[in-house]
Amino acid sequence: MSLMQDQAPVKTAIDAEEIKSAATLLKAGQLVAFPTETVYGLGCDATNLEALARLYRVKGRPGNHPVIVHLSCVEQLKDWADNVPPEAMALAKKFWPGPMTLILKKSAKVPSEVSGGQDTVGLRIPSHPLALALLKEFNSGIAAPSANRHGRISPTTAEHVKSELGDLVAKVLDGGSCSVGIESTIVDLSSEKPRILRPGMITLQEIEKTLQEAKEEKQSAAKAKPSKKAKSGSPADHASNVLPRAPGTLSSHYAPATGLKLFAHHNLPRAIATSESLMMKISVMAFSDPIASKSVITWKQLSEDPAQCARQLYAFMRELDTSGADYIVVEEPPELPEWMGILDRLRRAANG
Ligand code: TXA
Ligand code: MG
């Protein structure tokens with residue numbers, strides 16, 4: 001995977017002693033931050049209530065916000081989820097390990113501290129080699145939200161975690177820069193129709209395609225064995241290609257402390273001219289070439305490749321947040337499937 005020159009590479013070398021000591025800390029109820037391919041997670045034993053309370057405290061997260069449980073293999077799904085539907089297996093087979101979280105009916109093993117009092121649980125098998133090594137060594141579920149303070153920008157390097165959480169965590173495993181760069185796509189399979197609760201770099205279209213293929217496979221298997229006809233109304237019947245995007249309120253999240261404003265490409269020159277006339281200092285994150293202006297103090301050029309842009313996004317936001325600007329101006333990406341995750345994060349950041 002190619003990385004921009006201004007980004008540290010993904011570190012994949014595994015130090016077995018380091019992983020062992022991280023797993024021992026987790027077993028003892030401590031918090032360990034670790035890299036995933038999306039963003040860094042703040043991990044704790046998903047069955048240890050004291051550790052979960054500490055995790056919520058350190059993150060400053062409201063108690064009714066559920067956290068994702070990270071697993072090392074698909075076989076562990078049945079321990080953490082009940083009534084795993086065939087759609088879940090189809091998506092797991094296609095996208096795990098990887099940047100997708102499945103919301104399923106929780107098993108009795110999942111404490112309500114993890115599920116935020118709901119009857120569902122978010123589960124994910126991450127692909128970062130250090131995350132997988134830690135999960136294998138720990139051999140149980142690791143609850144992990146992104147390793148940032150509630151509402152702030154998710155960390156994509158170990159340095160981001162250290163600067164934000166410092167001594168509040170027992171250990172930070174360093175896996176370099178995250179190769180995906182924004183949080184996982186969340187697919188809710190816990191109710192009638194599959195829904196995307198949070199867009200990410202695995203697109204709605206890819207999810208729909210996999211669900212559709214699984215449905216067709218099931219139908220042709222049923223045709224081949226007419227005696228075992230599939231019941232209508234079975235979960236696979238819901239795998240239609242009309243997945244609605246979860247409505248959800250566009251709450252403030254993933255936000256820098258500095259105000260952030262989004263502008264369409266054609267409005268960018270006017271936005272910059274306006275800040276100049278108001279004698280405001282601005283920092284810009286844009287796909288366009290820099291526009292000369294007295295008011296611009298930093299200009300970060302975003303890649304037109306969505307995968308590359310996702311890797312740049314949070315590091316650039318953090319950098320611009322400390323640039324001394326009155327506000328941050330961002331050029332909006334196109335409303336195309338592969339940009340939906342990035343657009344979602346930018347809109348939430350602009351809402352901050
Ligand atoms: O890529 C990711 O998903 C990262 C890495 C560390 O795995 N994790 C992450 O966790 O972004 P967090 O806690 O920052 O965001 C998880 C989101 C939250 O918006 C939470 O409300 C939602 O997932 N979530 C978790 N469990 C849920 C559930 N049972 N039902 C609905 N939403 C859930
Ligand atoms: Mg988060």
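Tutor: A salt bridge here is a side-chain nitrogen of Lys or Arg within 4 Å of a carboxyl oxygen of Asp or Glu. The model is predicted.

Student: What makes Lys 300 and Glu 319 a salt bridge?

Tutor: Their closest N and O atoms are 3.2 Å apart, and the cut-off is 4 Å, so the pair qualifies. Lys 300 lies in strand β12 and Glu 319 in helix α10, so the pair ties together parts that are 19 residues apart in sequence.

Student: Why is Lys 300 called buried?

Tutor: Its relative accessible area is 15%, and buried means under 20%, so Lys 300 falls in that class. Glu 319 has 37%; that value lies between 20% and 50%, so Glu 319 is called partly exposed.

Student: How do you know that Lys 209 and Glu 213 form a salt bridge?

Tutor: The closest N and O atoms of Lys 209 and Glu 213 are 3.4 Å apart, which is within the 4 Å limit. Both residues belong to helix α8 (residues 204-224), and because they are four residues apart, about one helical turn separates them.

Student: Is Lys 209 buried or exposed, and what makes it so?

Tutor: Lys 209 has a relative accessible area of 51%. Exposed means over 50%, so Lys 209 is exposed. Glu 213, at 36%, counts as partly exposed.

Student: What makes Asp 344 and Arg 348 a salt bridge?

Tutor: Their side chains meet at 3.1 Å, N to O, and the limit is again 4 Å. Both lie in helix α11 (residues 340-350), four residues apart, and both are buried. Salt bridges with shared partners join Glu 183, Asp 344, Arg 345 and Arg 348 into one network.

Student: How many salt bridges does this rule give?

Tutor: The count comes to eleven.

Student: Which distance makes Ser 184 a polar contact of ligand 1?

Tutor: A polar side-chain atom of Ser 184 lies 2.5 Å from an oxygen atom of ligand 1. The cut-off for such a pair is 3.5 Å, so this one counts. For His 70 the distance to a ligand 1 oxygen is 2.7 Å, and for Arg 61 the corresponding value is 2.8 Å. The protein covers 88% of the 680 Å² of accessible area that ligand 1 has on its own.

Student: How do you know that β4 and β8 pair?

Tutor: Four bridges link β4 and β8 in the parallel sense; at least two are required, so the strands pair. Strands β8 and β9 run antiparallel with three bridges, and these also meet the requirement.

Definitions and conventions: Residues numbered from 1 in each chain as written. Chains lettered and ligands numbered in written order. Predicted model: local features only at pLDDT ≥ 70, side-chain atom pairs only at ≥ 80, totals over all residues. Heavy atoms only, no water. Polar contact = N/O pair within 3.5 Å; in protein donor to acceptor, adjacent residues only side chain to side chain. Areas by Shrake-Rupley, 256 points an atom, 1.4 Å probe, with all protein chains shown as cover. Helix = DSSP H or I, 4+ residues; strand = E, 2+ residues; numbered from the N terminus. Buried < 20%, exposed > 50% of the residue type's maximum accessible area, 1.4 Å probe, protein only.
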